[in-house]
Amino acid sequence: MEMLQIIFLTVLMFFLIVTVHEWGHYYFAKRAGILVREFAIGFGPKLFSYKRDETQFTLRLLPFGGYARMAGEDPELVGVQPGQTIALRLTGNTVTKIYLDRLDNRKNVIRGEVQSADLEDKLQVILDVDGDSQTFPVDPKAVLIAKGKETQVAPRDRQYGSKTVGQRALSIFAGPLMNFILAFILFALHTQMAGIQIENPTYLEIGEVTKGMPADEAHLQKGDIIDTINGVKVGADRDNMIKLISASKDKPMDWTVIRNGTPLQVTLTPREMAGQQGGKVGVSPVYPTRSAGFGETFTTAGHDMVNTTNAIFLGFKQLINKFSMDDLGGPVRTFEVTGQIAKQGIVQLTYWAAILSLYLGIFNLLPIPALDGSRLVFLGVEALRGKPVDPNREGMVHFIGFAMLFLLMIAVTYNDILRLING
């Protein structure tokens, strides 16, 4: 039951972070008048899907990302060509449905050979119907139907490329922006749950207790004051306590804790946890805290944002200076670490979710092809030149970047799996 709860919390956390990111793209694209064809969470096979207004909302199998697919951002896969035989369904005098296949099974339609079709600017189709050339106006929300799939037409003013540089930049930047906002909210929520450390503490308390670990088996509880270990006063020296536990793997330790003013004697034996070296007892020693005030909650969350951002960029710098595949972690490693943190409780998981949300926002703004940062670079070049970069060239850059990221993801995932197998 506990494992199912951990899996649920882990998947829920990733779902929240990715959904908020893609919702930012979706919302500001819609505000700009762009047709968003699909709002998808995850990749791979479709698990669930429903259509609301103009957008198909989809949940896919692999929860490693998502996308908001905008009309005109990529080449359209369905179109109408001169010489093609199609069928039209009209509402009044306006085309609302364009059938591209199974024409003999369509009823109450007009069949003919396409002489010309403009579904972006003029919104009209000219058909040769039994030797008679007829022009039919097309509804701006008409749909093309092929192989049982409906694709809404995208007039020029509903396409991504028709909007101003500012509107397009905002719809791209909004994804990372939503991650920054979510990270701030989660940091603030963590501050409310965890409190603020008391200045100049003189003792340590037990934070979350991991179920099934020695501390849980010895019935230690959150909030117990750690007094002595093997007869030595612990005080507020957290690092020394962690070293003592780590060095005592498989060796019994005598602890004295104070619970509600009463000293309690317990004996526990640290043991090794999967993927971690040294002895562990399943507690997080924390400094005593007090409740955070309203203003302190936001200032602390701001400090957490700044400190975590600095740590992320420091990690990028270290990775560039000394690249190693062992230093990279993919979805498997992230799920593994998230599962370990979820065991420590909702407070730690909230803080970790804030870190991941901030990291996702920052990483997506890096000028790496296929990421949001690269798209913003192309928009910046367009703003300076006064004209857009050739869409084919930009598309090729993003395609190559996506392929390289995909190959790197495969390599990192393979490395993560080997690390799990080898312990």
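I began with Tyr 50, which counts as partly exposed at 38% relative accessibility (buried is under 20% relative accessible area, exposed over 50%, partly exposed in between, with a 1.4 Å probe and protein chains only). The model is predicted, so local features need pLDDT of at least 70 and side-chain atom pairs pLDDT 80 or more, while totals for chains, interfaces and linings use all residues. I number residues from 1 along each chain as its sequence is written, and side-chain values use heavy atoms, without hydrogens or water.

**Aromatic rings**

I searched the whole structure and got 13 aromatic pairs. Rings of Phe, Tyr and Trp (its six-membered ring) pair if their centres lie within 6.5 Å; planes under 30 degrees apart are stacked, over 60 edge-to-face, the rest tilted. I looked up Tyr 26 and Phe 57: they are edge-to-face, 5.7 Å centre to centre, with 65° between the planes. Tyr 26 sits in helix α1 (residues 2-31) and Phe 57 in strand β2 (residues 55-70), so this pair ties together parts 31 residues apart in sequence. Helices (H or I, at least four residues) and strands (E, at least two) are DSSP runs, numbered from the N terminus. Both Tyr 26 and Phe 57 are buried.

Next I checked Phe 48 against Tyr 50. Their ring centres are 6.0 Å apart and their planes at 45°, so the pair is tilted. Phe 48 is partly exposed, at 48% relative accessible area.

**Nonpolar cores**

I then turned to the cores. A nonpolar core is a set of buried Ala, Val, Leu, Ile, Met, Phe, Trp, Tyr and Cys residues joined through side-chain atoms within 4.5 Å. The largest has 28 residues; among those with the most contacts inside it are Met 13, Trp 352 and Leu 356. Helix α2 (165-194) gives the largest share, eight residues. I followed Leu 356 beyond its neighbours within four places in sequence: it is in contact with Met 13, Phe 14, Ile 17, Thr 334 and Thr 338 (contact means heavy atoms within 4.5 Å). A second, separate core has 18 residues, including Leu 220 and Val 283.

**A charge over a ring**

Arg 168 lies over the face of Tyr 160, 5.9 Å from the ring centre. The cut-offs are NZ of Lys or CZ of Arg within 6 Å of the ring centre and within 35 degrees of the ring normal.
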